[in-house]
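Biologist: Can you show me the chain we want to talk through? I would like to ask a few quick things about it.

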Amino acid sequence: MKMKIVQRSLGIVFCILSRSIMAEKPDSTFVKKTGEPVDGIRIAWDYSSMQKLAPRSEQSGRRAGYPRVRKLKDGTLMAVYDISGNSEMIQSKDRGKTWSEPVTTFKRHVFSNNKGEATEVRIANSELCQLQNGDLIIACNYRPAKSEIAPFAIAISRSTDQGKTWTEDKVLYEAQPRFIDGCWEPSFLQLPTGELQVYFANEAPYTNSNEQNISMLSSYDNGATWTKEPKAVSFRANRRDGMPVALLVDDEILMSIEDNNIGQFKPYIIRGKISGNWNEPVLANSPMREYALKNKLPDTDYAGAPYIMKVPSGEVILSYQCTSGRSSNWEKSTMEVAIGDKSGRYFDKITRPFDVPLDREAKWNSISLWDEKTIVAASSTSFNNPNTEVWIINGHIIPELTIGPSAITVDGNISESEWGADLPIFVGHQSETNLVASVSYSRKTLYLAAKVNDKNLISDSNDLTRSDGVNFYIDADNKNLLSPDLGIFKVWCNYLGETKIWEGRNGQWQEVKSSAVKAKVKTVTSGYQVELSLPFPAIKKHSKSDLRINVGLVEYKSPAKVYEEVIVNSNASSSNTWLHVKLR
């Protein structure tokens, strides 16, 4: 009897050991794979920064759109947009906290020809530029309501007193007096030589076809006088180059256009040297005409109305409106923004600034610099109202990080003396709850910090991970894996200071029992602050090599709604998409 009990006990022990060994044995079906690293800057949109600029409450029911925002040399923010057939301008002296009352820059008006026929001429496509001498200049598109009476035209107005007053309209170019042979969408560029250029889409030369080119007029006296005959800048036979926006990059002019080469419009980049620019138009097969996006869209996807800008670190940013993943109806497009390299090529890391329902739109968009670390996206969008309104949202420019060793005291006080003036990582596109975060190190320890804006802190007493908190992800040796495996870690800290740590294994996260994580959380009026330390051995970091990190903001809305938002353009399970950190 005793022998049977012993044998049975040994059998149970053997079974437990066998299960333990099987659990630790690598999954024979799992194949560890590395992925292409996602490097360079990212743009993280800030939900809490969204503002409606137009229409104002007293203009309720009116449609507004085609917004352009500029930061002037004195720091003033200025926005122009179209509303009910007019063009308006507003400005802000306090970084967009408040905006002035609108000033009308172009008014719709009645045109009468020599036959006594009359038509209303409406204003569209307002575009703003501050010149090298400080003057402001606005261009617009005249659009007559009736055909064969008034010409479609490009007109300008200027201000020498920071937008307080504007000159009378001056017409620079007249196309034909009909919609199918008009001119459209002016934009400015001033060259280092002082030459001021205005680009526009032009159907006027093609009265017997549906073709369109990009044309350009020049001024050599800051817009006082202009050339009479436009240069043809780009043209694809039997197609419609449209919506030009030009930018200076090194010794080149880069111009984004929409090009319907095959199927629907797509964004292209037209290139030309500054010296002797546009002596010949860039035709269909020219090497100076390039498809903009790194990954080509299906021919059936529409991606038009591009806009281009450059950030202080040199990367070129492109926006456009598209139907990808939506309906085939281009009228229900939404705004996308893509990041290119410093030469204006290979645009990827695509984001959508506004969350637009499939039956709504975000079109006729623009992007510009808000400050040295922030861009602003402006859109004509109906995401919040059946009528289109002018909305803006700020995007934080997240750089790759290069950090040196520093002394950090883990006490929950994220001081400027320890962490610097700004924490460079931002997460917060999904709601008012957001965070900023950073990383540091000493000789043998990695430090992580986050400041979380969240005024409604909630936790689940039965599960410490189902609460408001932060996940920190670490790829300590820059392995760039497509799924979690050995050497890839996830560290959790909720607003109560409770922590957990997991290590990747065979594509899954496996909890690790460790006391190595030291965390301190401080509750503040706006939310909470997290500081933690991880000894290098605890995260299997063996040298002072590059690493990758990710940060996940966990927001507890209700027991049925807990979500995690990670760094933009990243995947919580794929360390190749995490933020690159260089240790010096």
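Modeller: Here is the chain, and we can go through it topic by topic. Keep in mind that this is a predicted model.

Biologist: Fine. How many helices and strands are in the protein chain?

Modeller: The protein chain has two helices and 41 strands.

Biologist: And what box do the C-alpha atoms fill?

Modeller: Roughly 120 × 50 × 45 Å, taken along the principal axes.

Biologist: What share of the residues is buried?

Modeller: Buried residues account for 55% of the 584 residues. There is a contact figure too. Take contacts between residues at least 6 apart in sequence: 57% of them join residues at least 24 apart.

Biologist: Now the inside. Which residues touch the most other members of the largest nonpolar core?

Modeller: Phe-188, Tyr-199, Trp-226 and Ile-317 do, in a core of 73 residues. A second core is separate and has 41 residues, including Val-427, Leu-435, Cys-493 and Leu-579.

Biologist: Stay with Ile-317. What does Ile-317 touch, leaving out residues up to four places away in sequence?

Modeller: Among them are Ile-41, Ile-43, Tyr-307, Val-337, Phe-347 and Ile-375.

Biologist: Let's do sheets. What is the strand order in the open sheet that holds β20?

Modeller: The order is β20-β21-β22-β23, and the pairing is antiparallel. The edge strands are β20 (303-310) and β23 (348-351), and each pairs on one side only. From one strand to the next, the twist averages 25°.

Biologist: How many bridges join β21 to β22?

Modeller: Six bridges join β21 (residues 316-322) to β22 (residues 334-339). In that pairing, Tyr-320 stands opposite Glu-336 in β22.

Biologist: What about the sheet with β16 in it, what is its order?

Modeller: That open sheet has four strands in the order β16-β17-β18-β19, with antiparallel pairing.

Biologist: Why is one side of β16 and of β19 left without a neighbour in the sheet?

Modeller: β16 (242-249) and β19 stand at the edges, and each has a single partner strand, so one side of each has no neighbour in the sheet. The twist here averages 25° from one strand to the next.

Biologist: And which residue in β19 is the bridge partner of Ile-269?

Modeller: Glu-290 is the partner. Three bridges join β18 (residues 266-273) to β19.

Biologist: New topic, aromatic rings. How many aromatic pairs are there?

Modeller: The count comes to 13 aromatic pairs. One of them is Tyr-302 with Trp-330: the pair is tilted, 5.6 Å centre to centre, with 55° between the planes.

Biologist: Where do Tyr-302 and Trp-330 lie?

Modeller: Tyr-302 is in the loop between β19 (289-291) and β20, and Trp-330 is in the loop between β21 and β22. The pair therefore ties together parts that are 28 residues apart in sequence.

Biologist: Is Tyr-302 buried or exposed?

Modeller: Buried, because its relative accessible area is 5% and the cut-off for buried is under 20%. Trp-330 has 33% relative accessibility, so Trp-330 counts as partly exposed.

Biologist: Which other tilted pair can you show me?

Modeller: Tyr-495 and Tyr-528 form a tilted pair, 6.2 Å centre to centre, with 50° between the planes. Tyr-495 lies in the loop between β34 (488-494) and β35 (499-505), and Tyr-528 lies in β38 (residues 527-535), so the pair ties together parts 33 residues apart in sequence. Both Tyr-495 and Tyr-528 are buried.

Biologist: Which residues do ring pairs link into a cluster?

Modeller: Phe-152, Phe-179 and Trp-184.

Biologist: And where does the charged end of Lys-490 sit?

Modeller: Over the ring of Trp-502, 4.6 Å from its centre. Likewise, the charged end of Lys-296 sits over the ring of Tyr-291, 5.1 Å from its centre.

Biologist: Last, the backbone. Which peptide bond is cis?

Modeller: The bond from Ala-54 to Pro-55 is cis, with omega near 0°. Pro-55 is in the loop between β2 (51-54) and β3 (64-71).

Biologist: What is phi of Glu-185?

Modeller: Near 50°, a positive value in a residue other than glycine. Glu-185 lies in β12 (residues 183-190). Its relative accessibility is 14%, so Glu-185 counts as buried.

Biologist: And what about phi of Asn-478?

Modeller: Phi of Asn-478 is positive, about 60°, although Asn-478 is not a glycine. Asn-478 is in the loop between β33 (469-475) and β34. Asn-478 is partly exposed, with a relative accessible area of 24%.

Definitions and conventions
Residues numbered from 1 in each chain as written. Predicted model: local features only at pLDDT ≥ 70, side-chain atom pairs only at ≥ 80, totals over all residues. Heavy atoms only, no water. Core = buried A, V, L, I, M, F, W, Y, C linked by side-chain atoms within 4.5 Å. Buried < 20%, exposed > 50% of the residue type's maximum accessible area, 1.4 Å probe, protein only. Contact = heavy atoms within 4.5 Å. Pairing = 2+ DSSP bridges. Axes fitted to C-alpha atoms, helices over the stretch in contact; angles between N-to-C directions. Phe/Tyr/Trp six-rings, centres within 6.5 Å; stacked < 30°, edge-to-face > 60°. Lys NZ or Arg CZ within 6 Å of the ring centre and 35° of its normal.
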